[in-house]
Amino acid sequence: MTIKEVSQKYDLSPDTIRYYERIGLIPPVPRKPNGIRDVDQESCNWIEFIKCMRSAGIQLI
């Protein structure tokens, strides 16, 4: 899945997803040979978990 598809699915901006990856909240997202992120199910699970924790009011960083 592209970062755009993931951002629409989880109602997050692509910049937010990149930020989560950069600071280590989600593991490095696999990339296609051309360098474009290819978000896998593991990364999506982490994004869902982060959204759940944030909605519960838990500070993540």
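Student: Is Asp11 buried or exposed?

Tutor: This is a predicted model, and in it Asp11 is exposed, with a relative accessible area of 65%.

Student: Where does Asp11 sit?

Tutor: Asp11 is in the loop between α1 and α2.

Student: What is the phi of Asp11?

Tutor: Phi of Asp11 is near 55°. That value is positive, and Asp11 is a residue other than glycine. As background, most residues other than glycine have a negative phi.

Student: OK, salt bridges next. How many are there?

Tutor: The count comes to two salt bridges. One of them pairs Asp15 with Arg18, and the closest N and O atoms are 2.8 Å apart.

Student: How far apart are Asp15 and Arg18 in helix α2?

Tutor: They are three residues apart in helix α2, so about one helical turn separates Asp15 from Arg18.

Student: Which side chains meet in a salt bridge at 2.7 Å, N to O?

Tutor: Those are the side chains of Glu21 and Arg37. Glu21 lies in helix α2 and Arg37 in the loop between α2 and α3, so this pair ties together parts that are 16 residues apart in sequence.

Student: Why would such side chains pair at all?

Tutor: Side chains of opposite charge can pair when their charged atoms come close.

Student: Is Glu21 buried or exposed?

Tutor: Glu21 is buried, at 16% relative accessibility. Arg37 counts as buried too, at 17%. Buried means under 20% relative accessible area, so Glu21 at 16% and Arg37 at 17% both get that label.

Student: What does Glu21 touch, apart from its neighbours within four places in sequence?

Tutor: Glu21 is in contact with Ile26, Pro27, Pro28, Val29 and Arg37.

Student: And which residues does Arg37 touch, not counting residues up to four places away in sequence?

Tutor: Arg37 touches Met1, Thr2, Ile3, Arg18, Glu21, Val29, Pro30 and Arg31. Arg18 in that list is the residue that forms a salt bridge with Asp15.

Student: Let's go inside. How many residues has the largest nonpolar core?

Tutor: It has 13 residues. Those with the most contacts inside it are Val6, Tyr10, Leu12, Ile17, Tyr20, Ile26 and Ile47.

Student: Which helices supply at least two residues of this core each?

Tutor: α1 (3-10), α2 and α3 (41-55) each do.

Student: Where is Ile23?

Tutor: Ile23 lies in helix α2, which covers residues 14-23. Ile23 is partly exposed, with a relative accessible area of 35%.

Student: What separates the C-alpha atoms of Asn45 and Ile26?

Tutor: A distance of 9.2 Å, with the two residues 19 apart along the chain.

Student: Last one: is Ser55 buried or exposed?

Tutor: Ser55 is exposed, with a relative accessible area of 63%, and its place is in helix α3.

Student: What does the side chain of Ser55 reach at 2.8 Å?

Tutor: The side chain of Ser55 reaches the backbone oxygen of Cys52.

Student: And how far is Ser55 from Asp40 in space?

Tutor: Ser55 and Asp40 are 23 Å apart, C-alpha to C-alpha, and 15 residues apart in sequence.

Notes: Residues are numbered from 1 along each chain as its sequence is written. This is a predicted model: local features need pLDDT of at least 70, side-chain atom pairs count only at pLDDT 80 or more; totals for chains, interfaces and linings use all residues. Side-chain values use heavy atoms; hydrogens and water are left out. Helices (H or I, at least four residues) and strands (E, at least two) are DSSP runs, numbered from the N terminus. Buried means under 20% relative accessible area, exposed over 50%, partly exposed in between (1.4 Å probe, protein chains only). A nonpolar core is a set of buried Ala, Val, Leu, Ile, Met, Phe, Trp, Tyr and Cys residues joined through side-chain atoms within 4.5 Å. Contact means heavy atoms within 4.5 Å. A salt bridge is a side-chain nitrogen of Lys or Arg within 4 Å of a carboxyl oxygen of Asp or Glu. A polar contact is a pair of N or O atoms within 3.5 Å; within protein, one must be able to donate a hydrogen and the other to accept it, and residues adjacent in sequence count only if both atoms are side-chain atoms.
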